[in-house]
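Subject: Structure handover and findings

Hello,

Here is the structure for your review. Please open it first, then read the notes below.

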Amino acid sequence: MQNFSEVKIFQVKPDKTAEFEELIKNISQEMQKLRGLIKTSCLKRFYIFDNINEPPRELTKIVKCVKYFMYSEFDCIQNYAYATKWLFDNYQKTLQRLLIAPFDINCGESVF
């Protein structure tokens, strides 16, 4: 059986980043209690590649939103589906107030 993974993409309103970061930390801590979770992490997009021959440069201004990417991996699709329902049941409305658009979910079987 293969693990099942997802990447959520959050486009957070610039004035809501502190609130979002606190919320996503709490969500992550609560997710640790869910069955089948192998790992989860979140990153804030802070850098961009302009030139592949140089290190990425730090973003200097926010145009429309601040992007966050949350990666989660589960032991099977059933536990992933349960966790996704849990997230929507408990946090969808709270999250949505912090975002400029509904968050994207990209999911599938882990390759390695």
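Predicted model: local features only at pLDDT ≥ 70, side-chain atom pairs only at ≥ 80, totals over all residues.

Residues are numbered from 1 along each chain as its sequence is written, and side-chain values use heavy atoms, with hydrogens and water left out.

**Whole chain**

The chain has two helices and six strands. Helices (H or I, at least four residues) and strands (E, at least two) are DSSP runs, numbered from the N terminus. Read from that end, the order is β-α-β-β-β-β-α-β. Along the principal axes, the C-alpha atoms fill a box of roughly 40 × 35 × 20 Å. Of the 112 residues, 35% are buried. Buried means under 20% relative accessible area, exposed over 50%, and partly exposed in between (1.4 Å probe, protein chains only). Contact means heavy atoms within 4.5 Å. Take the contacts between residues at least 6 apart in sequence: 80% of them join residues at least 24 apart.

**Sheet and helices**

Four strands make an open sheet in the order β2-β5-β1-β6, with antiparallel pairing. β2 (37-44) and β6 (104-109) are the edges; each has a single partner strand, so one side of each has no neighbour in the sheet. From one strand to the next, the twist averages 15°. Axes here are lines fitted to C-alpha atoms, for helices over the stretch in contact; angles run from 0 to 180 degrees between N-to-C directions.

Two strands pair if DSSP finds at least two bridges between them. β1 (residues 4-12) and β5 (residues 66-74) run antiparallel and are joined by nine bridges. Val-7 has Tyr-71 in β5 as its bridge partner. Ser-5 stands opposite Glu-73, also in β5. Both helices pack on the sheet. Helix α1 (residues 17-31) touches β1, β2 and β5, and its direction makes about 5° with that of β5. Helix α2 (residues 77-96) touches β1, β5 and β6, at about 15° to the direction of β1.

**Core**

The largest nonpolar core has 23 residues. Such a core is a set of buried Ala, Val, Leu, Ile, Met, Phe, Trp, Tyr and Cys residues joined through side-chain atoms within 4.5 Å. Phe-10, Phe-20, Ile-27, Met-31 and Leu-95 have the most contacts inside this core. β1, α1, β5 and α2 are the elements that give two or more residues to it. The most come from α2, with six. Leaving out residues up to four places away in sequence, Phe-20 touches Phe-10, Val-12, Tyr-68, Leu-95, Leu-98 and Leu-99.

**Rings**

Rings of Phe, Tyr and Trp (its six-membered ring) pair if their centres lie within 6.5 Å; planes under 30 degrees apart count as stacked, over 60 as edge-to-face and the rest as tilted. The count by this rule is seven aromatic pairs. Phe-74 and Tyr-80 make an edge-to-face pair, 5.9 Å centre to centre and 65° between the planes. Both are buried. Trp-86 and Tyr-91 are edge-to-face too, at 5.7 Å and 65°. Trp-86 and Tyr-91 are buried. One aromatic cluster is formed by Phe-10, Phe-20, Tyr-68, Phe-88 and Phe-103.

The charged end of Arg-35 sits over the ring of Tyr-82, 4.2 Å from its centre. The rule: NZ of Lys or CZ of Arg is within 6 Å of the ring centre and within 35 degrees of the ring normal.

**Two residues to look at**

Lys-8 is in strand β1. Its relative accessible area is 3%, so Lys-8 is buried. Its bridge partner in β6 is Ile-105. Beyond four places in sequence, Lys-8 touches Tyr-68, Phe-69, Met-70, Leu-87, Phe-103, Asp-104 and Ile-105.

Asp-75 is in the loop between β5 and α2. With a relative accessible area of 33%, Asp-75 is partly exposed. Asp-75 and Val-12 lie 63 residues apart in sequence and 29 Å apart in space, C-alpha to C-alpha.

Best regards
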